[in-house]
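Below is a short note for a colleague who has not worked with this structure before. The points are numbered so that each can be checked against the model.

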Amino acid sequence: MAHIALAVRDQERSRRFYEQWFGFDPETAWVAEDGTLLMDGPGDVSLALGEVDEVIVLPRFLHFGFRSAENPEEVRSFRDRLGEVGVEIVEFWDEPDYVSVKCRDPDGYVIEFSWEPG
């Protein structure tokens, strides 16, 4: 995947969220002529945040992830940090061959951070 474009209600709020939790680089952020905020993230994925006024309605199954953890404890620690500041945890799995946490961003998108043995 080269980029993901998301409709958001507040670009700055979403920008801070993706910088803080998913490693998007604030130094690469720029605003295109149409007002879309773009920034680079892990795994050479770019994020495009387009501010909208309408209500954002998402199907329940929709989710995405930007990178995988190096070990199970990294996922568990990430889940704990999210919970400490009130980021909504949607799902958590802790199995011998799969550890995953899914959280919700400020606009309701579900993002997964997971580990599976290589």
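1. Asp44 is exposed, because its relative accessibility of 72% is over the 50% cut-off. Asp44 sits in the loop between E3 and E4. Although Asp44 is not a glycine, its phi is positive, at about 60 degrees. This is a predicted model, and the backbone angle of Asp44 should be read as a computed value of that model.

2. Gly43 belongs to the loop between strand E3 (37-40) and strand E4 (46-51). Is Gly43 buried or exposed? With a relative accessibility of 64%, Gly43 counts as exposed. Gly43 and Arg67 are 24 residues apart along the chain, and their C-alpha atoms are separated by 6.8 Å.

3. Phe22 is part of helix H1. Its relative accessibility is 4%, so Phe22 counts as buried. Which residues does Phe22 touch, leaving aside those up to four places away in sequence? They are Phe17, Pro42, Phe66, Phe78, Cys103 and Ile111. For one of these contacts, Pro42, the separation from Phe22 is 20 residues in sequence and 7.7 Å in space, C-alpha to C-alpha.

4. Gln11 is placed in helix H1, which covers residues 11-22. A relative accessible area of 13% makes Gln11 buried, because buried means under 20%. Not counting residues up to four places away in sequence, Gln11 touches Gly35, Thr36, Leu37, Leu49, Gly50 and Glu51.

5. Now the fold as a whole. The secondary structure consists of two helices and seven strands. Read from the N terminus, the elements follow the order β-α-β-β-β-α-β-β-β. The protein is as compact as a globular protein of its length, because its radius of gyration of 14 Å is close to the 13 Å that the globule rule gives for 118 residues. The C-alpha trace spans about 45 × 30 × 25 Å along its principal axes.

6. Next, packing and surface. Of the 118 residues in the protein, 38% are buried. Among contacts with a separation of 6 or more, 52% are between residues 24 or more positions apart. The protein exposes about 7,100 Å², of which carbon and sulfur atoms supply 47%.

7. On charge, the protein has 11 positive and 26 negative charges. How far apart are the mean positions of the positive and negative charges? They are 6 Å apart. A search of the whole structure finds eight salt bridges, and the points that follow take up some of them.

8. Arg104 and Glu88 form a salt bridge, with 3.2 Å between the closest N and O atoms. This pair links distant parts of the chain: Arg104 is in strand E6 (residues 98-104), whereas Glu88 is in the loop between helix H2 (72-84) and strand E5 (89-95), 16 residues apart. Arg104 has a relative accessibility of 29% and counts as partly exposed. Glu88 is also partly exposed, with a relative accessible area of 42%. Elsewhere, salt bridges that share partners join Glu12, Arg15 and Glu19 into one network.

9. Why are Arg15 and Glu12 separated by about one helical turn? The reason is that the two are three residues apart in helix H1. Glu12 is partly exposed, with a relative accessible area of 39%.

10. Arg79 forms a salt bridge with Asp80, and the closest N and O atoms of this pair are 2.9 Å apart. Arg79 is partly exposed, with a relative accessible area of 25%. Asp80 has a relative accessibility of 35% and likewise counts as partly exposed.

11. Gly43 and Asp44 lie in the loop between E3 and E4, while Gln11 and Phe22 lie in helix H1.

Key: Residues numbered from 1 in each chain as written. Predicted model: local features only at pLDDT ≥ 70, side-chain atom pairs only at ≥ 80, totals over all residues. Heavy atoms only, no water. Helix = DSSP H or I, 4+ residues; strand = E, 2+ residues; numbered from the N terminus. Buried < 20%, exposed > 50% of the residue type's maximum accessible area, 1.4 Å probe, protein only. Contact = heavy atoms within 4.5 Å. Rg over C-alpha atoms; globule rule 2.2 N^0.38 Å. Areas by Shrake-Rupley, 256 points an atom, 1.4 Å probe, with all protein chains shown as cover. Lys, Arg positive; Asp, Glu negative; His and termini not counted. Charge placed at Lys NZ, Arg CZ, Asp CG, Glu CD. Salt bridge = Lys/Arg side-chain N within 4 Å of Asp/Glu carboxyl O.
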